Amino acid sequence: MTDARQHQRHQGGEDTPHPSGPHDALTDVPGLRVGHAQRIGDGWLTGTTVVLAPEGGAVAAVDVRGGGPGTRETDALDARNLVQRVEAVVLTGGSAFGLDAASGVVAWLEEQGRGFRVGPDPAQVVPVVPAAALFDLGRGGDWRARPDAALGRAAVEAAARTTPGSPVPQGNVGAGTGSVVGGFKGAVGTASAVLPSGITVAALAAVNAAGSFADPHTGALHGARGPLPDPEVHAAARRRLAQAREISAARSAASVHPPLNTTLAVVATDADLTRSQAHKLAGTAHDGLARAVRPAHLLNDGDTVFALATGARPLATAEALADPVFSVHLQAGALNDILATGADVLARAIAKAARAATTVDGPGGVFPSYPDLYGPADSGRTDS
């Protein structure tokens, strides 16, 4: 096994045909930065994550597959519409209330003079900030504890303080702070891959689903290959998970029936994609979500995937693209590799989120983490 594949397995992710980037994170796409802000305790268990594009923005698109989405400015990402590039994307808790976090990001971008120019003065900008929310209301105990503009501003400022290419914190942070997946504690996870062309494809997910990221029969993560949990460990984990669900149902703040959820993700690349190609990337990335969370895209989910393309690398060399006969085929082949890899890295990001989560036991419920129930990523027996 190569060092890169060993690294992927150590992270609890699925083996892929391509090595991961330096940090196996969304920030391996040059120019992208990620910031988290969260509030925990005194009734709070929620947060916001901001993906900050390079100055000048990135080509953006979105694909919504869940039946209960909560979104803002997603219509602006239609390829038929005016604005082609965005400066930031917001993933947040708080359901529809939490979309107010995007207002703080818009205000910060305006202060930086970043956004869609609408006049001759550099200050005359309108930042277009797409956002999507997941349902975590009441998970900390207080139904009214949800992200606001101040938390959104804190998240974008956290992103701006990082240097390009920085590692991305994972686990109970940002939009994953109050997330839950089929009774397990959800989280934020991220992964990346570098294609032979040098193009990077990466994903970040805040996982909060009605389905589960673990096989109910074995306890193995759907989005990861490797050792299966020991049958006795799995049996004990199922008992503990069932007990946690009963306790959570008895705590009034968590008693929302049916449970409401949503997995949010950003898939990004440094390839030079059109808006339509980016939309295709967002759509095929949902295949990775559906591999790693089963079932997915239910009426109680609002599963939403954004795609960002910074445009630093062409799909093919200038010489190849100059050939009128083969340029279409070369671009299609290069794009297909990006599309397939987008699904792969999103599945791995979800598996890494499962491994990065930590158990929460509070007034809103008991949400055990996958590692707490099943142990380290490399424990267990191999599948024969």
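User: Which overall figures describe the chain, in terms of helices, strands and buried residues?

Analyst: The predicted model holds 9 helices and 17 strands. Of its 384 residues, 56% are buried. Among contacts with a separation of 6 or more, 77% join residues 24 or more positions apart.

User: Let us turn to sheets. How do strands of a sheet pair in general?

Analyst: Pairing occurs through backbone hydrogen bonds, in either the parallel or the antiparallel sense. In this structure, an open sheet of 5 strands has the order E1-E2-E6-E9-E4, with mixed pairing. Strand E1 (33–41) and strand E4 (70–72) are at the edges with a single partner strand each, so one side of each lacks a neighbour in the sheet. On average, neighbouring strands of this sheet are turned by 10 degrees against each other, direction ignored.

User: In which sense do E2 and E6 pair, parallel or antiparallel?

Analyst: Strand E2 (residues 44–52) pairs with strand E6 (residues 88–92) in the antiparallel sense, over 5 bridges. Within E6, Ala88 is the residue that stands opposite Leu52.

User: Which strands does helix H3 lie across?

Analyst: Helix H3 (residues 101–111) lies across E2, E4, E6 and strand E9 (131–133), and runs at about 155 degrees to E6. Helix H4 (residues 149–161) also packs on the sheet, where H4 touches E1 and E2; the direction of H4 makes about 140 degrees with that of E1.

User: What are the length of H4 and the contact at its start?

Analyst: H4 has 13 residues and spans 18 Å from its first C-alpha to its last, close to the 18 Å expected at 1.5 Å a residue. At the start of H4, a side-chain oxygen of Asp148 comes to within 3.2 Å of the backbone nitrogen of Ala150.

User: How far does H5 reach, and what is found at its start?

Analyst: Helix H5 (residues 231–250) comprises 20 residues and reaches 29 Å from first C-alpha to last, close to the 28 Å expected at 1.5 Å a residue. At the start of H5, the backbone nitrogen of Glu232 has a side-chain oxygen of Asp230 within 2.8 Å.

User: How many residues of strand E15 are buried?

Analyst: The count is 7 of the 10 residues of strand E15 (residues 304–313), so E15 is largely enclosed by the rest of the structure. Strand E3 (residues 58–64) runs antiparallel to E15 and is joined to E15 by 6 bridges, whereas strand E14 (residues 264–271) runs parallel to E15 with 7 bridges. Ala307 in E15 stands opposite Ala61 and also opposite Val267.

User: Finally, consider single residues. Is His286 buried or exposed?

Analyst: His286 counts as buried because its relative accessibility is 1%, under the 20% cut-off. His286 is located in helix H6 (residues 275–292). Residues up to four places away in sequence aside, His286 touches Asp63, Val64, Arg65, His297, Asp303, Thr304 and Val305.

User: Where is Gly171 placed, and which residues does Gly171 touch?

Analyst: Gly171 is in the loop between H4 and strand E10 (180–181). Gly171 is buried, with a relative accessible area of 0%. Leaving out residues up to four places away in sequence, Gly171 touches Gly176, Ala187, Val188, Ala356 and Ala357. Between Gly171 and Ala354 the separation is 183 residues in sequence and 8.0 Å in space, C-alpha to C-alpha.

Conventions:
Residues numbered from 1 in each chain as written. Predicted model: local features only at pLDDT ≥ 70, side-chain atom pairs only at ≥ 80, totals over all residues. Heavy atoms only, no water. Helix = DSSP H or I, 4+ residues; strand = E, 2+ residues; numbered from the N terminus. Expected span 1.5 Å × (residues − 1). Polar contact = N/O pair within 3.5 Å; in protein donor to acceptor, adjacent residues only side chain to side chain. Buried < 20%, exposed > 50% of the residue type's maximum accessible area, 1.4 Å probe, protein only. Contact = heavy atoms within 4.5 Å. Pairing = 2+ DSSP bridges. Axes fitted to C-alpha atoms, helices over the stretch in contact; angles between N-to-C directions.
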